[in-house]
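Please open the model in your viewer and keep the selection tool at hand.

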Amino acid sequence: MSELKSILPKDAWQLLQDNPKAVLIDIRSTMEYLFVGHPSGSVHVAWIDEPDWEVNPHFEVDVRKVLLGGVSCPAEDGHAEDGEQAGCAPVLLICRSGKRSLEAGHLLCEHGFGMVYNVLEGFEGDLDDHHHRSTNGGWRYYDLPWEQC
C-alpha cells in the first residue's frame with residue numbers, strides 16, 4: 001500500500017503546473033463545489049454528497065474514471081531517484097479544510113493509487129476567531145486560481 005502525502009496549497013498549485021499528468025480532485029459536496037467555488041481546473045468527485053450525506057461507495061471507481069480507467073501508478077513502472085514512482089499520475093485531493101480529503105486519500109492508497117496527496121488547509125481553511133473561512137489558510141487565502149458557478 002502506498003503512503004498518503006500532505007501538501008500545502010501553494011505547493012499543490014506548483015505541482016499541478018510542473019506535472020501535466022497531475023490531477024486536482026475537489027471532493028466536496030456538489031453544493032460546495034458549485035456555490036462556494038473551486039480551484040480552477042479541478043475535477044469534482046464528491047466524497048460525501050446530498051441527498052443522503054453518506055460516503056460515495058463509488059468514489060474509487062469515479063476517480064479511476066477521471067484517470068481514464070487506470071491506476072495512477074502502474075505496478076510495472078520503476079522508482080525514480082527521489083523515491084516517487086516514474087510515470088505516475090499524481091492525484092491531489094482537496095476539500096474545505098483538508099479533513100475529508102485525508103479520509104478519501106487513505107481509501108485511494110488502500111486501492112493501489114501510487115501518488116496521492118492531501119491538500120492541507122483545503123479550499124477555505126479553518127475558521128478564524130470570527131467564524132469566517134478563507135482568512136486562516138486554504139487555497140483561496142493564498143489567492144490561487146479559483147472560480148464559482
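A salt bridge here is a side-chain nitrogen of Lys or Arg within 4 Å of a carboxyl oxygen of Asp or Glu; by that criterion, this predicted model holds five salt bridges.

Of its 149 residues, 45% count as buried, and among contacts with a separation of 6 or more, 59% join residues 24 or more positions apart.

Next, select helix α3 (residues 59–66), which contains both arginine 64 and glutamate 60, four residues apart, about one turn of the helix. The two form a salt bridge whose closest N and O atoms are 2.3 Å apart; arginine 64 is buried at a relative accessible area of 15%, and glutamate 60 is likewise buried, at 16%.

Now move to lysine 99 and aspartate 126, a salt bridge with its closest N and O atoms 3.3 Å apart. Because lysine 99 sits in the loop between β7 (91–94) and α4 (100–110) and aspartate 126 in the loop between β8 (116–119) and β9 (146–147), the pair ties together parts that are 27 residues apart in sequence. Aspartate 126 is partly exposed, with a relative accessible area of 37%.

Finally, select glutamate 124 and arginine 140, whose salt bridge has its closest N and O atoms 3.8 Å apart. Both residues lie in the loop between β8 and β9, 16 residues apart.

Technical notes. Residues numbered from 1 in each chain as written. Predicted model: local features only at pLDDT ≥ 70, side-chain atom pairs only at ≥ 80, totals over all residues. Heavy atoms only, no water. Buried < 20%, exposed > 50% of the residue type's maximum accessible area, 1.4 Å probe, protein only. Contact = heavy atoms within 4.5 Å. Helix = DSSP H or I, 4+ residues; strand = E, 2+ residues; numbered from the N terminus.
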